[in-house]
Amino acid sequence: MRSPLSEQDPSKIDNKNNKSQLQKSKNQQSKRQTTKTKHSSTTQQLNISKTINNYKINIKPQSLVTGIVLPSFLARKRGIIVCMSSVAATEPQGFWTLYSASKGYNYYFNQSLNQEFKLDDYKNLIAQTVRPAVVLTSMAPKFAKESFRFPTPETFAKFSISTIGYFDVTNGY
């Protein structure tokens with residue numbers, strides 16, 4: 001099917017209408033560029049220094065500490081590894097790309113350990129993943145006030161610790 005514009009004789013298109021269409025096209029292109037600029041912050045965040053910092057904060061410590069304590073846990077056939085993930089790991093999070101991806105790593109790392117413990121019959125080894133939502137830390141939105149929905153770190157820790165041994169994955173609160 002041909003578009004109506006392509007069927008028109010170019011000599012019959014008035015110049016005024018042509019300028020109007022050209023202006024609309026420029027406006028749409030400008031809007032696309034503005035939108036592109038607004039939403040390009042995710043890709044701008046994926047620079048090397050932010051990636052390395054995210055790795056140092058959210059991935060490296062969990063892997064290293066687990067590697068340090070795991071041999072003694074295996075020797076004693078008992079121990080608890082609690083991993084802090086995030087509800088952001090459950091689905092891709094626009095504008096939180098590095099954070100949600102690193103928390104996804106934490107989740108799968110710990111769940112894989114837990115599966116190995118169960119397969120190797122280490123019944124007294126626990127690998128629990130805690131995936132909190134909003135806790136009133138410096139990362140919390142400014143509108144969040146202390147309530148049942150938004151716990152303080154102390155309240156969250158108290159409830160989270162009470163779930164150890166009962167759940168492989170918990171939101172902690």
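Select Asp121, the residue that follows helix 5: its phi is positive, near 65°. Most residues other than glycine have a negative phi. This is a predicted model, where local features need pLDDT of at least 70, side-chain atom pairs count only at pLDDT 80 or more, and totals for chains, interfaces and linings use all residues. Residues are numbered from 1 along each chain as its sequence is written, and side-chain values use heavy atoms, with hydrogens and water left out.

Next, select helix 5, residues 97-119. Helices (H or I, at least four residues) and strands (E, at least two) are DSSP runs, numbered from the N terminus. How far apart are the end C-alpha atoms of helix 5? They are 33 Å apart, which agrees with the 33 Å that 23 residues should span at 1.5 Å a residue. The expected span is 1.5 Å times one less than the number of residues. Buried residues here include Leu98, Tyr107, Leu113 and Phe117. Buried means under 20% relative accessible area, exposed over 50%, partly exposed in between (1.4 Å probe, protein chains only).

Now go to strand 1, residues 79-84. Gly79, Ile81 and Cys83 point to one face and are buried. Pairing takes at least two DSSP bridges. Click Val82; its bridge partner in strand 2 is Gln128.

Finish with two loop residues. Lys77 sits between helix 4 (48-76) and strand 1. Its phi is positive, near 60°, and Lys77 is exposed at 53%. Phe95 lies between strand 1 and helix 5. Its phi is near 70°, also positive, and Phe95 is partly exposed at 37%.

How values were computed. Right-handed = clockwise from strand over helix to strand, strands pointing away.
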